[in-house]
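Student: I have a new model open and would like to learn how to read it. Could you walk me through a few features?

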Amino acid sequence: MLKPLSTATRELVNLDGLWDFAVGTAAGEHPWTGPLDTRLEAAVPASYNDLFTDSAIRDHVGWVWYQRLVRVPRGWSDERVMLRLDAATHEGRVYVDDTLVAEHVGGYTPFEANITEHVAAGQEFRLTIGVNNELTNLTIPPGTITITEDGRRQQKYHHDFYNYAGLARSVWLHSVPRVHIEDITVVPGLDSTTGTVEYEIGTSAPAAVRVRVLDAAGTEVAAGEGASGTLSIEDVTPWRPGAAYLYDLVAEIVDGEAVRDTYHQAFGVRTVEVRGTKFLINGEPFYFTGFGKHEDTPVRGKGHDDAYLVHDFQLMEWLGANSFRTTHYPYAEEVLDFADRHGIVAIDETAAVGLNLAVQGGLTGRPHPPTYSDDTLNDDTRAAHAQAIRELIGRDKNHPSVVMWCVANEPSTHEDGARDYFEPLVELTRKLDPTRPVCSTASLLTTHENDRIADLFDVVCLNRYYGWYIANGDLVTAEALMDSELRAWVEKLGKPILMTEYGADTLPGLHSVWDQPWTEEYQVAHLAAHHRAFDRCDAVVGEHVWNFADFQTSPGIHRVDGNRKGVFTRDRRPKAAAHALRARWISLSGHKPSNDA
Ligand code: GCB
């Protein structure tokens, strides 16, 4: 789905700001039929949970309502008027005055509504958006709702981050011409000094299409006619990690001399390939240094914030981090746009986290129902998961920063049904995008012996907590376990291994001369022990520390004000580990010493 843009033929109105707000019960049966009867206002974009002091709002399970008046610009009488929500977490319903114009399930991908016939240029309408935070065994991520003995509805889920909800990303009103460009796919290729650009333009009705490629200085370097084709760029400047270069594909619908619609699609020319135990970008081995992150800040929750965006990437650059994984859901598009412009490599993940009923925000070992069954995660869950993959790739396929799709985080891989569940999803991912490798991350419960799905993927992605959940406080054992596990996966599959998570909770300001968990020294020593193991294993192609920053977690999982495995605090102050990582990563600079030296 194309991002709304202001171009010569399109206009864009941002609807962010303060909206009237009410939780479901307080709002009444049909809150969209009139002005919301409320004194509350909520900021958009922001999760609503931490805005208010009332815990009934924070803990509410179900619908909340946002409302505001919107005026359609008066020059739009010949245009299609579109409403676009960058996200409604986890389900959204959109009403223009009293009419339902859009519904969408899936909390981290955009959706839109053509509202042309419900509004008039120059006139105001009442925009009401319902957002539901419920997670069930049919949603991605999954969850269950329980009723306490005293009648309260509670949301349970199998991931540790807090279930922030609401309108955490921007809302837009935008215009497109009646016949317009609906979709663009750009597949770049690199042949020595020549770039190839396969493109396909989808239009809302049959139309004559032409395309031009502009370089970063705005000079035309290639041009073509027709809705699909392949263009060549001589003396191409490739997009490289740490040295981004973007071209602009200008797609136009033309009618004789007149241009009916114009869209600008940024793209980079780069290739990605897995060969043997190497991960290659533009044919060169790439070593990932960076983090699993979260969209998580005080007060805003998962609300997108450009200031944090800039600051987080500044901190990553300061550390020598070259990459990140969008743990555990697709991030705001602004994040990937920024990564594209700044040469930061991304692994793009669906919101399929917690497909593992053995895990309750940590390892519990409690008896649990089967993960895959008619009553738990079933064919309908898989259909929702397939839709999440379609929407992720549909939104992010043109980002050069995205080098791999991650279809799930830590699913159950050894239980009956795991392979039947995942095989079609991996096939679908490869069909939608044959150019990027595909992965899923493996939790501690997945071993080289019990795993039934790792061969479906291109890279073995391991989340390991030796020295934390296992061998806590014993880094000698932790290092030995890491070593033997890496060897076992190399022997089993001979694929590249990416350490997608490893880390230790750490309280800033807590110190010890001994290997004492929770201290800053322990986090430093814990990372160092892992790095020694990674450096001994040629197949390790990268290290993503868990986590970039401390983040808020769900109630009931025994954490002290959230997950503290951050290398930065929640307000982005460095722990000692940040300085240690900086020393290592700046010297690595995207290369693995044992591989390339
Ligand atoms: C994991 C999960 C991550 C958790 C982390 C932890 O394996 O992938 O979402 O936050 O462990 O700290 O427990």
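Student: Which residues is isoleucine 497 in contact with, leaving aside its neighbours within four places in sequence?

Tutor: This is a predicted model, so keep that in mind as we go. Isoleucine 497 is in contact with Val459, Val460, Leu462, Leu486, Trp489, Val490, Ala539, Val540, Val541 and Gly542, once neighbours within four places in sequence are left aside.

Student: How do I place those contacts in a wider picture?

Tutor: In soluble globular proteins, nonpolar side chains tend to be buried together. Here the largest nonpolar core has 82 residues, and Ile497 is among the five that touch the most other members, along with Phe291, Phe324, Phe422 and Leu486. Helix H6, residues 418-432, gives the most to this core, with 6 residues. There is also a second, separate core of 34 residues, which includes Trp19, Tyr48, Ile57 and Leu127.

Student: What about helices? How many residues of helix H4 are buried?

Tutor: Start with the general idea: an α-helix has 3.6 residues a turn, so residues three or four places apart point the same way. In this structure, helix H4 (residues 333-342) is mostly covered, with 8 of its 10 residues buried. Those are Glu333, Glu334, Val335, Leu336, Asp337, Phe338, Ala339 and Asp340.

Student: Which elements do the buried residues of H4 pack against?

Tutor: Their partners are strands E6 (80-85), E26 (323-325), E27 and E28 (402-409), together with helices H3 (306-319) and H5. After H4 comes glycine 343, with a positive phi near 70°.

Student: Now loops. Is glutamate 234 buried or exposed?

Tutor: For a loop residue, check the accessibility, then the contacts. Glutamate 234 sits in the loop between strands E19 (228-233) and E20 (247-255). Its relative accessible area is 55%, so glutamate 234 is exposed. Glutamate 234 touches Thr193 and Thr194, not counting residues up to four places away in sequence, and its side chain makes a polar contact of 3.4 Å with the side chain of threonine 194.

Student: Why does threonine 376 count as buried?

Tutor: Because its relative accessibility is 11%, and buried means under 20%. Threonine 376 is also in a loop, between strand E27 (345-349) and helix H5 (379-396). The side chain of threonine 376 makes a polar contact with the side chain of serine 373 at 2.7 Å. Leaving aside neighbours within four places in sequence, the contacts of threonine 376 are Asn137, Leu357, Pro369, Pro370, Thr371 and Thr381.

Methods. Residues are numbered from 1 along each chain as its sequence is written. This is a predicted model: local features need pLDDT of at least 70, side-chain atom pairs count only at pLDDT 80 or more; totals for chains, interfaces and linings use all residues. Side-chain values use heavy atoms; hydrogens and water are left out. A nonpolar core is a set of buried Ala, Val, Leu, Ile, Met, Phe, Trp, Tyr and Cys residues joined through side-chain atoms within 4.5 Å. Buried means under 20% relative accessible area, exposed over 50%, partly exposed in between (1.4 Å probe, protein chains only). Helices (H or I, at least four residues) and strands (E, at least two) are DSSP runs, numbered from the N terminus. Contact means heavy atoms within 4.5 Å. A polar contact is a pair of N or O atoms within 3.5 Å; within protein, one must be able to donate a hydrogen and the other to accept it, and residues adjacent in sequence count only if both atoms are side-chain atoms.
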